[in-house]
Amino acid sequence: MVSPAEQSKTQDPTDRDPPDAVATQPDRDEEMAKLEDRWRRAVADLDNLRKRYARELAHERATERSRVAGAWLPIVDNLERALGHAGEQSDAVVAGVQSILEQALQVLEQLGYPRDAEAGVPFDPERHEVVGVVEQPDSAPGTVVEVLRPGYGEGSGQLRPAAVVVSRRGE
């Protein structure tokens with residue numbers, strides 16, 4: 001006969017489970033549900049982080065694009081002034097400056113800032129800045145008569161408004 005002490009030595013230790021180490025099936029299901037909830041929250045947080053990063057990156061790109069285009073505007077203005085002072089000369093230097101100006105305007109348009117220098121249109125405070133008012137009998141009041149400095153951009157993406165002279169009603 002085997003004594004109880006020897007019997008406990010010969011039993012496989014995995015055959016015996018301490019009473020508090022046995023997890024019931026509902027406890028396992030509850031733990032799995034908690035882990036799955038944490039996993040889903042982590043995935044959602046990661047997705048939100050990706051979306052926020054994409055928005056911030058787009059905003060930074062737009063900011064930098066407007067900064068570069070804004071730095072480019074004085075160069076364009078000076079090229080236009082140089083051509084204005086050239087008059088009707090037709091030498092190679094004037095043609096070269098005209099070519100450079102056209103390239104500069106193309107760059108601004110590619111950056112998303114098209115030129116706005118249209119006269120004869122109704123005044124729009126979103127696009128125009130009034131720098132002068134004249135009596136103009138042959139045009140409707142509030143019409144852009146002359147563009148003194150072109151504007152660049154459209155809507156909320158505007159670098160600067162066009163400086164214009166507007167007509168008013170004669171008295």
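**A walk through a predicted fold**

The side chain of Thr-143 has a polar atom 2.7 Å from the backbone oxygen of Ala-140. That is a polar contact (N or O atoms within 3.5 Å; within protein, one must be able to donate a hydrogen and the other to accept it, and residues adjacent in sequence count only if both atoms are side-chain atoms). The model is predicted: local features need pLDDT of at least 70 and side-chain atom pairs count only at pLDDT 80 or more, while totals for chains, interfaces and linings use all residues. Residues are numbered from 1 along each chain as its sequence is written, and side-chain values use heavy atoms, leaving out hydrogens and water.

Stay with Thr-143 for a moment. Thr-143 sits in the loop between β2 (128-135) and β3 (144-149). Is Thr-143 buried or exposed? Thr-143 counts as buried, because its relative accessibility is 14%. The cut-offs are simple: buried is under 20% relative accessible area, exposed is over 50%, and partly exposed is in between (1.4 Å probe, protein chains only). Leaving aside residues up to four places away in sequence, Thr-143 touches Gly-120, Val-121, Pro-122, Phe-123, Val-165, Val-166 and Ser-167. A contact here means heavy atoms within 4.5 Å.

Now step back to the whole chain. The protein chain has three helices and five strands. These are DSSP runs, numbered from the N terminus (helices: H or I, at least four residues; strands: E, at least two). Read from the N terminus, the order is α-α-α-β-β-β-β-β. The protein chain has 171 residues, and 18% of them count as buried. The protein chain exposes about 13,000 Å², with carbon and sulfur atoms supplying 53% of that area. Such areas come from the Shrake-Rupley method with a 1.4 Å probe; for residues, only the protein chains shown count as cover. Take the contacts between residues at least 6 apart in sequence: 59% of them join residues at least 24 apart.

Next, look inside. The largest nonpolar core holds 13 residues. Val-76, Leu-83, Leu-101, Leu-108 and Tyr-152 have the most contacts within this core. Helices α2 (25-86) and α3 (92-110) each give this core at least two residues. The largest share, six residues, comes from α2. A nonpolar core is a set of buried Ala, Val, Leu, Ile, Met, Phe, Trp, Tyr and Cys residues joined through side-chain atoms within 4.5 Å.

Which residues does Tyr-152 touch? Not counting residues up to four places away in sequence, its partners are Leu-73, Val-76, Glu-80, Leu-105, Leu-108, Tyr-113, Pro-114, Arg-115, Gln-158, Leu-159 and Arg-160. Another core, of five residues, lies apart from the largest one. Its members include Val-121, Val-144, Val-164 and Val-166.

Asp-77 counts as buried because its relative accessibility is 12%. Arg-160 counts as buried too, at 13%. A salt bridge puts a side-chain nitrogen of Lys or Arg within 4 Å of a carboxyl oxygen of Asp or Glu. The structure holds 11 salt bridges.

Glu-36 and Arg-40 meet through their side chains in a salt bridge (2.6 Å, N to O). Both lie in helix α2, four residues apart, which is about one turn of the helix. Glu-36 is partly exposed at 39% relative accessibility, and Arg-40 is partly exposed at 49%. Asp-47 and Lys-51 form a salt bridge as well (3.3 Å, N to O). They also lie in helix α2, four residues apart. Asp-47 is partly exposed at 32% relative accessibility; Lys-51 is partly exposed at 45%.

Trp-72, Ile-75 and Val-107 make a nonpolar surface patch of about 230 Å². Patches use residues with over 30% relative accessible area and no salt bridge; nonpolar side chains (Val, Leu, Ile, Met, Phe, Trp, Tyr) are joined within 5 Å, like charges within 9 Å. Ile-75 belongs to helix α2. Ile-75 is partly exposed because its relative accessible area is 41%.
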